[in-house]
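Please read them with the sequence and the coordinates open.

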Amino acid sequence: MSSAKLVYEGKEFTLPVMEGTEKERAIDVRKLRAETGLVTYDDGYGNTGSCKSAITFIDGDQGILRYRGYPIEEVAERGRFTEVCYLLIYGRRPTLEELAAWRQKMTMHTLIHEDMKKFYEGYPPNAHPMAIMAAMVASLSSFYPDTDKDLDLNIIRILAKSKTLAAFAYKKSIGQPFVYPRNDMSWPANFLRMMFAVPAEEYEVPKAFEDAMNLLLILHADHEQNCSTSTMRMVGSSEANLYASLSAAICALWGPRHGGANQAVLEMLEELRASGEDYKSFLERVKKGDSKARLMGFGHRIYKNFDPRAKLLKTAADRIFDELGIHDPLLDLAKKLEEVALSDEYFVKRKLYPNVDFYSGIIYRAMGIPTDMFTVMFTLGRIPGWIAHYMEQRNDPDGYRIHRPRQIYTGETQRVFEDWGTKRL
Ligand code: ACO
């Protein structure tokens, strides 16, 4: 094992260097504080390995993403979402028999308790569906309080019920009656039917939408230690139950710098089109650091070459639009922005490329999904990833500690809290 040396106040300390299976190296600082009194400072955790994980590998410089060793391009082309859930959570592809049993179980748990329907009644019509999702997922723990006793069953439950919760949130927002799940449909088709069917009318899920939904779910399924996944592990490390931890991860995903970016991209494109501003002048404003103008859907903490998911989605968007004969001026606008940005020095120098959110929103829009549901769509895809990390942490043979970082305190030093005595009103 190699090691790194730290010299501090004339004393030399040896720190072991760990190596992952893809030759990623990290200085192991676990004993640093005990031996030197020092902690590390890493605002935003950009240089911190917070755990060991065997789930997802990303090489951001080369644009590589693999789930359990399988390249994302192959999983996206050949996989089905339910199978990918199994792969991420249990670490291997199921056999065909296991897959059939897994899918069967997942379809048998799609209903939510009828009492939960009452919760939806309390929300105002314009409630953001992410607020509803986070609350509903946390509420599941009140219906299944013994979550820890049978985690495998609760994993099935949340994977099955998440789409029902999401579709009900949408129906609530448009004032339509809930459409109940059907057990003879695939996961994506079942969800789309619950979103778009209305009682007493036939609704057939377009195959192109079912396939697109399958692809989007797979591409969002995991992305190692991002903000929401780290939240999942953080909350899970306190031994909060699965549903509570998932609810926290959903809230973390909501922000526009993370999963909320897909909504922000669409809003940016819509505003730009409505304002009539030329896209080149918009990019100039972005470059000037105008606080209102950031090129949403561009840039990534890890990808500094290209985001392979964005590449797959751009191709998928073209295919879906061709197949359905849709023409969306926002897709044209997105492509123009991308083209100019990719050859502009500002973006090139900072290694800013389209991320997964740049094209996903345009596809959701083509499917008829409203903008404020986009982050919910991301949530549905990411739930298996969050679960995989929660389980990996729980089952770590070395155990796990509660996540509790340190800080560098920069506030006041000790001072007196004066007694105001009778002067206080
Ligand atoms: N538009 C314009 N400039 C940008 C953008 C952008 N989208 N992203 C980064 N930059 C600039 C920054 O201003 C900074 O410039 P400077 O060096 O002159 O100060 C430089 O590029 C580095 O950016 P950071 O913010 O330091 O990068 P960081 O890794 O902290 O942030 C993030 C990554 C949050 C994704 C950022 O690129 C961003 O806000 N992008 C837009 C939001 C978005 O699309 N988020 C989705 C990410 S994917 C996901 O979570 C699913």
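1. Which residue of β6 stands opposite Y67? In this predicted model, the residue facing Y67 is Y70 of β6. Strand β5, which covers residues 64-67, is joined to β6 by two bridges, and the two strands run antiparallel.

2. The pairing of β5 with β6 belongs to an open sheet of three strands, whose order is β4-β5-β6 and whose pairing is antiparallel. The edges of this sheet are formed by β4 (56-59) and β6 (70-71), each of which pairs on one side only.

3. Y8 has K11 in β2 as its bridge partner. The two strands form a hairpin with two residues between them, and E9, which lies in the turn, has a positive phi of about 50 degrees.

4. Y45 has a phi near 60 degrees, a positive value in a residue other than glycine, and is placed in the loop between α1 (32-36) and β4. E224 likewise has a positive phi, near 40 degrees, and its position is in the loop between α9 and α10 (227-236). I would ask that the backbone at Y45 and at E224 be viewed together with the turn residue E9.

5. Turning to the domains, the chain is divided into domain 1, made up of 91-254 + 380-394, and domain 2, which spans 261-366. Their C-alpha centres lie 28 Å apart, and the contact between them involves 10 residues of domain 1 and 16 residues of domain 2.

6. How much area do domain 1 and domain 2 bury between them? The value is about 1100 Å², of which 72% is on carbon and sulfur atoms. On the side of domain 1, L216, L219 and H223 supply 44% of the area buried against domain 2, which is more than any other three residues supply.

7. Across the interface of domain 1 and domain 2, the rule finds zero salt bridges, while the count of residue pairs in polar contact between the two domains is two, both at pLDDT 80 or more. Helix α9 (residues 207-219) gives the most to the side of domain 1 that touches domain 2, contributing six residues. By residue class, that side of domain 1 divides into six nonpolar, three polar and one charged.

Note on methods
Residues numbered from 1 in each chain as written. Predicted model: local features only at pLDDT ≥ 70, side-chain atom pairs only at ≥ 80, totals over all residues. Heavy atoms only, no water. Domains from an automatic or database assignment. Contact = heavy atoms within 4.5 Å. Buried area = accessible area lost by both parts, 1.4 Å probe. Salt bridge = Lys/Arg side-chain N within 4 Å of Asp/Glu carboxyl O. Polar contact = N/O pair within 3.5 Å; in protein donor to acceptor, adjacent residues only side chain to side chain. Helix = DSSP H or I, 4+ residues; strand = E, 2+ residues; numbered from the N terminus. Nonpolar A, V, L, I, M, F, W, Y, C, P; charged D, E, K, R; others polar. Pairing = 2+ DSSP bridges.
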